[in-house]
Amino acid sequence: MPLTIEDLANELGVSPSTVSKALNNRADVSLKTKERVRRTVQELGYQPSAAARSLRRQRSDKIGLVVNYPIHRVSDFLAELIPGMATVAEQSEYHLILYTSMAGKAERIKSLCRSREVDGIIVAWPPGSRETVALSQLMAEEEMPHVFLPRRVAHDGVSFVAADHVQGAKALTQHLISLGHRRIGFERLPEVYETDRDRHAGYACALREADIPYDPSLVISSTSADPQYHTRSFRTFLSHPEPPTAILFFTDPMAINALSLAKEQHIRIPQDLSIAGYDGILASGVTEPALTTVEQAVSDMGRLAVDSLLQLIEEQPRTPIQHTLPVELIVRGSTGANPYG
């Protein structure tokens with residue numbers, strides 16, 4: 001059984017309160033007694049109770065990461081996000097606790113707030129703007145500091161960390177235009193709300209600035225609820241009466257899957273068709289050919305989210321913190337000149 005303060009007190013022949021005061025370096029305990037307590041702690045291998053310490057401080061020293069999306073669909077992103085978050089949490093002597101299966105379950109988040117299991121919450125992949133604002137208000141009413149990521153939230157009163165998806169999609173589209181492409185397919189994913197709208201806005205802006213007419217038939221909406229969504233968009237683009245010469249997929253995994261499908265159909269990438277992804281996951285650099293993409297600073301996003309949350313935990317009153325991080329266009333071998341000039 002672990003040693004208790006009472007065990008130390010019995011060993012030293014003093015009261016438990018004296019031991020506690022000595023351990024907390026209280027001024028009303030003599031240096032001699034503090035030194036006796038310190039030696040005995042070392043000799044007996046005593047470890048203070050983290051639970052008791054947290055109760056006294058009214059802190060759990062834990063941060064909750066609530067994944068509000070089916071986790072298997074974001075595992076690649078999480079693999080880069082969590083190390084960044086954990087690094088900052090550990091440096092601040094906080095533990096990072098992962099909560100899954102929370103998608104669309106505001107009551108579970110409310111219960112998490114009321115249990116005080118954590119001192120703050122980071123919600124990954126929040127719902128649409130209206131629902132996110134309502135969820136933010138719920139956590140604010142429970143006095144739970146919180147930050148959303150990796151989506152922009154269109155409300156001044158909500159803290160978030162996101163990437164500049166308008167600029168990212170615009171840069172990708174401009175890159176393809178510079179290669180001579182005029183028929184550029186664009187895959188949307190409406191279920192990710194602001195991120196989808198921002199990327200579509202960047203795509204449309206690049207076309208407009210290049211005086212290329214926007215063709216709605218080259219824009220396809222996908223859904224991860226479709227069991228065939230990894231292949232359906234690519235096949236739909238290819239079945240178009242005038243197929244695109246370049247395609248921007250919503251995520252790297254979608255684009256990587258398209259590279260495999262193209263190989264099966266003897267479509268040369270990029271000689272016959274250019275393909276680009278989005279996110280900059282590690283796997284995008286080892287495909288054949290390597291994938292052109294937009295890289296989000298995912299690890300930095302995780303670090304900044306924890307930094308922001310810790311600031312909100314300490315701050316009174318709490319002022320919303322909003323960060324939009326720049327992205328980087330990564331040009332690789334999957335995009336090339338328009339084969340039709």
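Reader: Why are H1 and H2 called roughly perpendicular to each other?
Author: The axes of helix H1 (residues 5-12) and helix H2 (residues 16-23) cross at roughly 105°. Angles of 65 to 115 degrees count as roughly perpendicular (under 35 is roughly parallel, over 145 roughly antiparallel, the rest oblique). H1 and H2 are therefore roughly perpendicular. This is a predicted model, where local features need pLDDT of at least 70, side-chain atom pairs count only at pLDDT 80 or more, and totals for chains, interfaces and linings use all residues. Residues are numbered from 1 along each chain as its sequence is written, and side-chain values use heavy atoms, without hydrogens and water.

Reader: What makes the contact of H1 with H2?
Author: From H1 come Ile5, Glu6, Leu8, Ala9 and Leu12. From H2 come Pro16, Val19, Ser20 and Leu23. Contact means heavy atoms within 4.5 Å. By class, this contact has seven nonpolar, one polar and one charged residues. The axes come within 8 Å.

Reader: How do you know how H2 is turned relative to H3?
Author: The axes of H2 and helix H3 (residues 31-44) cross at roughly 90° and come within 9 Å. That makes H2 roughly perpendicular to H3. Thr18, Val19, Ala22 and Leu23 of H2 meet Thr33, Lys34, Val37 and Val41 of H3. Five of these residues are nonpolar, two polar and one charged.

Reader: Why are H6 and H7 called roughly parallel to each other?
Author: Helix H6 (residues 106-115) and helix H7 (residues 129-141) pack at an angle of about 20°, with axes 10 Å apart. H6 and H7 are therefore roughly parallel. Ala106, Ile109, Lys110 and Cys113 of H6 make the contact with Leu135, Leu138 and Met139 of H7. The classes here are six nonpolar, no polar and one charged.

Reader: What makes up the largest nonpolar core?
Author: The largest nonpolar core has 32 residues. Such a core is a set of buried (under 20% relative accessible area, 1.4 Å probe, protein chains only) Ala, Val, Leu, Ile, Met, Phe, Trp, Tyr and Cys residues joined through side-chain atoms within 4.5 Å. Those with the most contacts inside the core are Leu81, Ile122, Trp125, Leu149, Met301 and Val306. Helix H12 (298-314) is one of the elements that give two or more residues. H12 gives the most, with eight residues.

Reader: Which residues does Val306 touch?
Author: Val306 touches Ile63, Met85, Val88, Ala89 and Ile122, not counting residues up to four places away in sequence.

Technical notes
Axes fitted to C-alpha atoms, helices over the stretch in contact; angles between N-to-C directions. Helix = DSSP H or I, 4+ residues; strand = E, 2+ residues; numbered from the N terminus. Nonpolar A, V, L, I, M, F, W, Y, C, P; charged D, E, K, R; others polar. Buried < 20%, exposed > 50% of the residue type's maximum accessible area, 1.4 Å probe, protein only.
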